[in-house]
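Here's a quick briefing to keep beside you while you look at the fold. Have the sequence and the 3D view open as you read.

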Amino acid sequence: MDDIVFTLEFKGDTANSEVNQHLISGWKLLHVGQHSYKDADGQLMQEVIYVIGADKKAYKQHKHAQDKAKRSPHD
């Protein structure tokens with residue numbers, strides 16, 4: 001994993017599908033764990049958390065997509 005230059009963390013309802021899309025694009029799964037928090041009522045909640053990493057090539061593609069999204073007008 002010496003080639004990892006950038007990491008992202010995902011959690012929430014769409015995390016699984018977002019992580020899968022990144023894995024298809026060459027990212028590597030680094031960690032799967034749990035995130036614990038209290039909701040507005042003080043109830044302890046838990047959700048899955050994913051950490052993925054990109055090598056230089058995948059990160060360059062990610063940055064290009066991010067820059068392109070910033071330049072695109074939003075509806």
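What follows covers the overall build, the sheet, and the surface and contacts.

This is a predicted model, where local features need pLDDT of at least 70, side-chain atom pairs count only at pLDDT 80 or more, and totals for chains, interfaces and linings use all residues. Residues are numbered from 1 along each chain as its sequence is written, and side-chain values use heavy atoms, with hydrogens and water left out.

**Overall build**
- The protein chain has two helices and three strands (DSSP runs, H or I of at least four residues for helices and E of at least two for strands, numbered from the N terminus).
- Along the sequence, the pattern reads β-α-β-β-α.
- The chain is more spread out than a compact globule, because its radius of gyration is 15 Å, well over the 11 Å that the globule rule gives for 75 residues (taken over C-alpha atoms; the rule is 2.2 Å times the number of residues to the power 0.38).

**The sheet**
- Three strands make an open, antiparallel sheet in the order β1-β3-β2 (two strands pair if DSSP finds at least two bridges between them).
- β1 (6-11) and β2 (28-38) sit at the edges with a single partner strand each, so one side of each has no neighbour in the sheet.
- β2 is joined to β3 (residues 44-54) by 10 bridges, and Val32 has Tyr50 in β3 as its bridge partner.

**Surface and contacts**
- Buried residues (under 20% relative accessible area, 1.4 Å probe, protein chains only) make up 20% of the 75 residues.
- Of the contacts (heavy atoms within 4.5 Å) with a separation of 6 or more, 58% link residues 24 or more positions apart.

Definitions and conventions: Buried means under 20% relative accessible area, exposed over 50%, partly exposed in between (1.4 Å probe, protein chains only).
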